[in-house]
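Visitor: I have a structure to look at and some questions about how its parts pack. Could we go through them one at a time?

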Amino acid sequence: MDEFDNEGLSHIHHAAFSGYQKSISRFVRTNQEQLELLTKDGKRNTPLLLACSNGQLDAVRFLVELGANLVAFNASGFGVIELSAYSGHLHVLEYFLELDSPDVNVYISLVRALDNLKGTHLQVAALQSLSELSTPERLGTVLNSGAIEGVVKVLASPASEEDVVINCLMFFDKVIKISKEAHELMRHDNSVKALVGQLSSENKQIYSLGVKILAELAREHPPTVEKITNNDGIDALVKILRKNTLNNSILLDVLKTLALFCEVRPKTQDVFAAVEKGFATLTSLLKECKKRKVLACVSRTIALLVEANERNQDLFVNEDGIPCLVQILLKSRSQEAQMAAVLAIKAIANNGSVANQELLQRKGCVKVLTKLLREGPRHDEVRQLLGEALWAIAGADVPQRYSIAKHIEALVVLAEDINSNQDEIVAASATQFMIRLIGKQNTPEPTVLSIFRTLRAICIQTGFRSHVKGQGAIMADSGIKFLVRYFVHSRKEATQAEAAYTLACVALGNQDTNSAVVDMFEFSRLTDLMSHENKSAQLIAAHALALFAFNNTHNQKCIASAGGLMYSMFKLLLDSSDHKTQAKAAFQTVVLSRIFPDEDQANTSAVGIQMLVTLLQQDDEELQAMCSNFIAGLSHTRPGIPAAFVSIGAIQVLAERLTSQSDKVRCCSAIALGYLSIDKSGQRQLLNVCRSQPPLYRILCSYAKNVKLSQEFIERWKHYQRLSCLPPINQSVFLVNQSDMDETYTIGSYFNETFNEGSEDSMSEVSEKNLPFPLS
């Protein structure tokens, strides 16, 4: 049985290599020493090592059961793990993992195999095996075996061949996608330095993987971006851009990485400024590239590099970059590319030099942007960006702003911007210009309607809060009399309704302007429009009535005295197939519920409140913003309304909207939650929501803290933050507490109990006396 053939193998060696278990059993029973018999081919393999090398899992398992030596090594220093990996037999490695023998540590053996003295093929095999075995369940053990450190050592070695480097990067690319712990290990100085070093490779696969990994490590981690920049990473990225002008995939990855670095660490702007031909490279891409996604990405990257950085703005302008952006606006058919170019233009103008702002005007930016605003997409966010870019070009100079203000379309979107340009528009004397236009007989109706829309936006802030400066400017510029003239004398009912709606906004929450409007206004004429066959005029008139009545008992009495207003009129609007019409009607019925003679106040309010919360759950951002804003407004009107919203789960739905992609939805939802936080039950629910998802608190405060947010809620949140070891909050916290439900019963019960106890005036007194800050 100990006989060897010409290749230096005995019978048991052939049996083990081929997986013949019966033969192995017979040989070992005859002579136990056969189990560890070494080959005489110079390789000195045992039967177990041969079985591993050929992937004979059954034979491996059988030999282990017979007591084969697990720590045997051949002449090359390869053991069971190295030979299994070398030949790509992952299933054998899986077996040794399951065996969990103290004599065999799969991961440590694979890390040791990375030593380049054992050959490139084994390094590649070990790296591939590590990658395959790095499942989410096992990754902790992989990391504890020193895998990251071992791979970094290989990556940093100048002697490592390209195949080895590629597999190192593929291992990193996998583990950082499934483990935050891997991120921390790979953010060490030597790891970042080794990764940045790969950006200088001539191999596209190597530097492409390097870019992706560095981007992932840098995400939300400024210290890593600093390490990358300190190792000349920005310079390396620019060089990659220069040598890959035709490779769209690599261009996009590099541009997105540069943009990410700027977002995470704004000081990246200064590092980029020092890079040779940095802005020249980006400008060249704008000129030469034809792919819309690349053009959009270049423009967005430029916007981040020059934002509020006058030195970088000058560097880009000096490379004659502005005409490149204008050409995108003029010639590109891609809305994505055009809006990215607008973003870059806005960034160049923002906090920039007067010279650059004037240059943007001379290069035709104002003309092109105004044309896009007039003829381009009607999407709110697109129009808002265009308006902001125009306003940025105007700069702080009042005459320039007045010049921009003459573009009515720009004024509309600027005034409706949730970031509020209202004070700046008033300061630029834009109201004078608009009122002078509506005072002329020959002003086109579309322009008049745009002016009405702008004036409304100047008068009201999110949550139906009055903007006193805007209202005062309109009154001071004699705007009220011209609006009344349109309301009374226009031949079109829709224009009459629009004028009335604008007057209601001028009067909202402002005693002086309200008196001036009401003295010249006939509510009976407005209620008559509610009976008109023109549905558009009817809906606008209804909204005008609601705003006149909003938190204003005197106006409510005037509307009631005018007569003719019935709940049945609004029932038709509530039953509309259009969700936005339903939302507006729901808001109107809650505000006007006291005036309706044909329906109970509690019932009409309950219907409107339930509908708003239901519509808020629709997958339509514009509708979500509208409903959130209505809820915010209604939550600071009468007693019982906030509690009613809370009782039907409004806190949960609004909290979900805080993570919306739309800035407007987030803003309106946060302000609505701020008002609802004054309600005790709403405050408890909101605290639970924020404990369950702490980032929501930061979003909430960023929008609502300076508008309306219960001080008691803020203090209770700070108390939670001081406590340690809080138990996790179950998702059921979003639901109304049972104790709250026991107290509330139904929406209607709130209204029946509270509406009959006090008026709006008493609510105002209680609010000002008991709340930590006055109601708007």
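Visitor: Is Ser-191 buried or exposed?
Guide: This is a predicted model, and the answer rests on a computed accessibility. The relative accessibility of Ser-191 is 4%. Buried means under 20%, so at 4% Ser-191 counts as buried.

Visitor: Where is Ser-191 found, and which residues is Ser-191 in contact with, leaving aside its neighbours within four places in sequence?
Guide: Ser-191 belongs to helix 13, which covers residues 189-197. With neighbours within four places in sequence left aside, its contacts are Val-152, Leu-185 and Met-186.

Visitor: Which residues touch the most other members of the largest nonpolar core?
Guide: The largest nonpolar core has 144 residues. Two of them touch the most other members: Phe-96 and Phe-172.

Visitor: Which helices do the buried residues of helix 4 pack against?
Guide: Helix 4 spans residues 57-66, and its buried residues are Leu-57, Ala-59, Val-60, Phe-62, Leu-63 and Val-64. After helix 4 comes Gly-67, with a positive phi near 105°. The buried residues of helix 4 pack against helix 1, helix 2, helix 3 and helix 6.

Visitor: Why are helix 17 and helix 20 described as roughly parallel?
Guide: The axes of helix 17 (residues 248-264) and helix 20 (residues 292-306) come within 9 Å and cross at roughly 20°. Angles under 35 degrees count as roughly parallel. Helix 17 and helix 20 are therefore roughly parallel to each other.

Visitor: How many charged residues are in the contact of helix 17 with helix 20?
Guide: On the helix 17 side, the residues that meet helix 20 include Lys-256 and Glu-263, and on the helix 20 side they include Lys-293. By class, the contact has eleven nonpolar and two polar residues, and the charged ones number three.

Visitor: What is the handedness of the crossing of helix 40 and helix 41?
Guide: Helix 40 (residues 579-592) and helix 41 (residues 601-615) have axes 8 Å apart and pack at an angle of about 145°. Their crossing is left-handed.

Visitor: How many nonpolar residues are in the contact of helix 40 with helix 41?
Guide: Among the residues making this contact are Phe-587 of helix 40 and Ile-609 of helix 41. The contact has no charged residues and six polar ones, and its nonpolar residues number eight.

Terms used:
Residues are numbered from 1 along each chain as its sequence is written. This is a predicted model: local features need pLDDT of at least 70, side-chain atom pairs count only at pLDDT 80 or more; totals for chains, interfaces and linings use all residues. Side-chain values use heavy atoms; hydrogens and water are left out. Axes are lines fitted to C-alpha atoms, for helices over the stretch in contact, and angles run from 0 to 180 degrees between N-to-C directions. Helices (H or I, at least four residues) and strands (E, at least two) are DSSP runs, numbered from the N terminus. Angles under 35 degrees count as roughly parallel, over 145 as roughly antiparallel, 65 to 115 as roughly perpendicular and the rest as oblique. Contact means heavy atoms within 4.5 Å. Ala, Val, Leu, Ile, Met, Phe, Trp, Tyr, Cys and Pro count as nonpolar, Asp, Glu, Lys and Arg as charged, and the others, Gly among them, as polar. Buried means under 20% relative accessible area, exposed over 50%, partly exposed in between (1.4 Å probe, protein chains only). A nonpolar core is a set of buried Ala, Val, Leu, Ile, Met, Phe, Trp, Tyr and Cys residues joined through side-chain atoms within 4.5 Å. A crossing is left-handed if the near helix is turned anticlockwise from the far one by less than a right angle, and right-handed if clockwise.
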